[in-house]
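Here's a quick briefing to read with the model open beside you. Take a look at the fold, then work through the topics below.

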Amino acid sequence: MTASIAAPVTTEIRIRGLVQGVGFRPTVWRLATRLGLAGDVRNDAEGVLIRIAAEAVLAERLVADLKAECPPLARIDSVEYCEADALLIGDRFRIAESEPGLMRTEVAPDAATCPACLAEVRDPFARRFRYPFTNCTHCGPRLSIICDAPYDRARTTMAGFPLCDTCRAEYENPSDRRFHAQPIACHICRPRVALEKFNGGAVEFSAFSMLDDVDAAAGMLLKGHIVAIKGLGGYQLACDATNADVVALLRDRKQRYTKAFALMARDLDVIRRYADVSEAEKAALTSTAAPIVLLDTCGPLRLPEDVAPGLATLGFMLPSTPLHHLMFRRLDRPIVMTSGNRSDEPQIIDDEIARIELASIADFLLTHDRGIAVRLDDSVLRVAAGAPRLIRRARGFAPAPVALPVSLAASLPLLALGGELKNTFCLVKDGQAILSQHIGDLEDAQRLADFEKSLDLFQSLYAHRPKAIAVDLHQDYLSTRLGRQRACDANLPLVAVQHHHAHIASAMAENGIEQGDGLVLGIALDGLGLGDDGSLWGGEFLLADYASYRRVGTFKPVALPGGAKAMHEPWRNTLAHILAEMGWPTFDMNFAGTPLHDFLLSKPVDTVASMVKQGINSPPASSCGRLFDSVAAAVGICRDAVFHEGEAAMRFEALVTPEDLAAVDEDLAYPFGIPKLKGTGLPYIEPLAMWQALLGDLYENTPASIIAARFHKGLAKAIVALACKAALDGETRLTRRVVLSGGVMQNRWLAEELVRRLEAENFDVFLQAKVPSNDGGLSLGQAAVAAALLVREG
């Protein structure tokens, strides 16, 4: 029996952060034992509590070792020491039972297979050889399998799989990396994989593999079949990306006509055949998040155009689960790995729905009986302006929180519900902003139901009871309607946040800018958002902090003929700009016979001109996104229609090469003016001179790539020129901090040009990286604005 002693000095160490469910306590146990310390470590509602029979100097040594040898998925946010009363502690260090209480710690994101588990899966002498659900505290599913709080096996989709004796011994052994790893299993107590043929019939395994179902799926891909695969966060549709016919067939069946397909490759060597991979991109690809990374297509080989139509990038990811690793053992080529759904519908997570809905798309189904509790899309990022920047934040990143600036940390709990497109929501609690995974566009009942399900789960997981709700200013957004209803039902304050102020606040919060440290100049460039004057904004310059803003510049308001149709038919924006800048008669006289003129003659020019003149279903919008659409259509890109948001602008960006951009003389960059709006006196970016130069280049048959480079460089010059004016009050510069946000900031060339030019003007420039600059980051900005208002009100 171990004797208990009354420790003369007991030091308590409180550690907060991502420290539960990630192998943190076993690491503490191992390091404390190595130091010869007596005491214990336990999980509780606030994180991890360590008690040692030693003075603070040894406690600091233990924490230093912890930081140096922190588990791969863990993150230490704060450490607090205090001397406690003498306690009865044994002469050894032990892992104590967890203490109940309201949850204040974090749920870990799902993580890619760790090297140790991958080695086991590949080792024919290991008991988990070729087991497709191998995991440990360093990797595997987390958020995707959680059904309720607190996070333990009984409240995950692993509840129906009791541990075998061997797995239980691992689970209970603090020296094992599977100690208290909730999703572990093996061939004996396993979830099971099954390969099925859609619409019945037996699978002829000998035609595809002599090994197992997972390997047979690889054989099917090599033979030109489309296979539906149950992944970590939802079903995926896979086919051989080098086979042009099957890629085209998948596009047709899925009804995804132009949007780029994601790709998975076995390793970096395969990726480098088709794309350039920088060190920063390599680090992102091989990280525990294993996101899709957008890479420049400059490898020695080319994939079919249908993989990423009209783009100069490919979205690659590496295998992130043992199932994918096993399948790719003999796949020496890229595989399309796109979401398992029809275009614009949510990714399927239910097995029976998959068997019905995917039967008309895929030939075979590789499924299994481990349930998916939370739908998780693949995360997407791109390296731009020197850093990896998220475009979609989901698997591997959510629900890791963003620490709010200290000045906002005292805010009461609140809930922010995001926007209509690329929706996320955000919980604020204990100084942390907990963002949901990417939900998607809230345009139908199915998406809204998924949104509410995830919201209820997060509020349960984090024991979150908001004291206020923040929404977008636009009253017709489904997220705003839901927020208004919930605020009414619970008798809570509702904070309506202007769209572009939320974009800027999101970037401020991520970059740790404090309330009270003065104003920033925020430049928010996107498609559309409702302004505080009731008009549509989309290219805004705001002098702002979290609690307030003042509009100090904008883009020229131009009509959207047909309202929402203008977002889907870019030619309407081109015609609207021509009508606004020079009028049809002048355009007709000077540019007759050009392809653009001939194309517009096929459209109802007189009808549209009359609509615009009379203000019939043609609301004006100061939209940078629509300006990009109009220019793209002018040079012949997506003139008639786009099939997904941002398509025209993305294809226009793809025309630009670094060489073309560098070769554009400053004097040949398209010019813009900066006059003032009548009535308000607000400075705005006037594109008249740009259109005259661009149309002249079209008349001279200037290559589209040169036109695109001249436009990007000219627009960046104009934005910086207006920023310099907007930051001044007389001769005094009001701020040196410029914050860039909005979906247009995902344009790599524009973002990098802006950073370079703004820094040359002695501005400190802040962009987003951890949270998307598109509407996926709105909820963080709404939360930050609401937090500032709550803190101010006390």
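This is a predicted model: local features need pLDDT of at least 70, side-chain atom pairs count only at pLDDT 80 or more; totals for chains, interfaces and linings use all residues.

Helices (H or I, at least four residues) and strands (E, at least two) are DSSP runs, numbered from the N terminus.

- Is threonine 113 buried or exposed? Its relative accessibility is 14%, so threonine 113 counts as buried, given that the cut-off for buried is under 20%.
- Leaving aside residues up to four places away in sequence, threonine 113 touches Leu118, Cys139, Ser320, Thr321, Pro322 and His325.

**The open sheet**
- There's an open sheet of 10 strands, with mixed pairing. Reading across, the order is S8-S15-S9-S10-S14-S11-S13-S12-S16-S17.
- Strand S8 (193–197) and strand S17 (387–392) sit at the edges. Each has a single partner strand, so one side of each has no neighbour in the sheet.
- From one strand to the next, the twist averages 35°.

**Strand S12 and its two partners**
- On one side, S12 (residues 292–296) runs antiparallel to strand S13 (residues 313–317), and 4 bridges join them.

**Helix H4**
- Which residues of helix H4 (residues 165–172) are buried? They are Cys167, Glu170 and Tyr171.

**Helices H19 and H23**
- The axes of helix H19 (residues 624–634) and helix H23 (residues 704–726) come within 12 Å and cross at roughly 155°.
- The crossing in which H19 passes H23 is right-handed.
- On the H19 side, the contact is made by Cys624, Leu627, Phe628 and Val631. H23 brings Phe711, His712 and Leu715 to that contact.

**Backbone details in loops**
- The peptide bond from alanine 398 to proline 399 is cis, with omega near 5°. Proline 399 is in the loop between S17, one of the edge strands, and strand S18 (402–403).
- Asparagine 617 isn't a glycine, yet it has a positive phi of about 50°. You'll find asparagine 617 in the loop between helix H18 (605–614) and strand S28 (620–623). With a relative accessible area of 46%, asparagine 617 is partly exposed.
- Asparagine 701 also has a positive phi, of about 60°, although it is not a glycine. Its place is the loop between helix H22 (688–699) and H23. With a relative accessible area of 64%, asparagine 701 is exposed.

Key
Residues are numbered from 1 along each chain as its sequence is written. Side-chain values use heavy atoms; hydrogens and water are left out. Two strands pair if DSSP finds at least two bridges between them. Axes are lines fitted to C-alpha atoms, for helices over the stretch in contact, and angles run from 0 to 180 degrees between N-to-C directions. Buried means under 20% relative accessible area, exposed over 50%, partly exposed in between (1.4 Å probe, protein chains only). A crossing is left-handed if the near helix is turned anticlockwise from the far one by less than a right angle, and right-handed if clockwise. Contact means heavy atoms within 4.5 Å.
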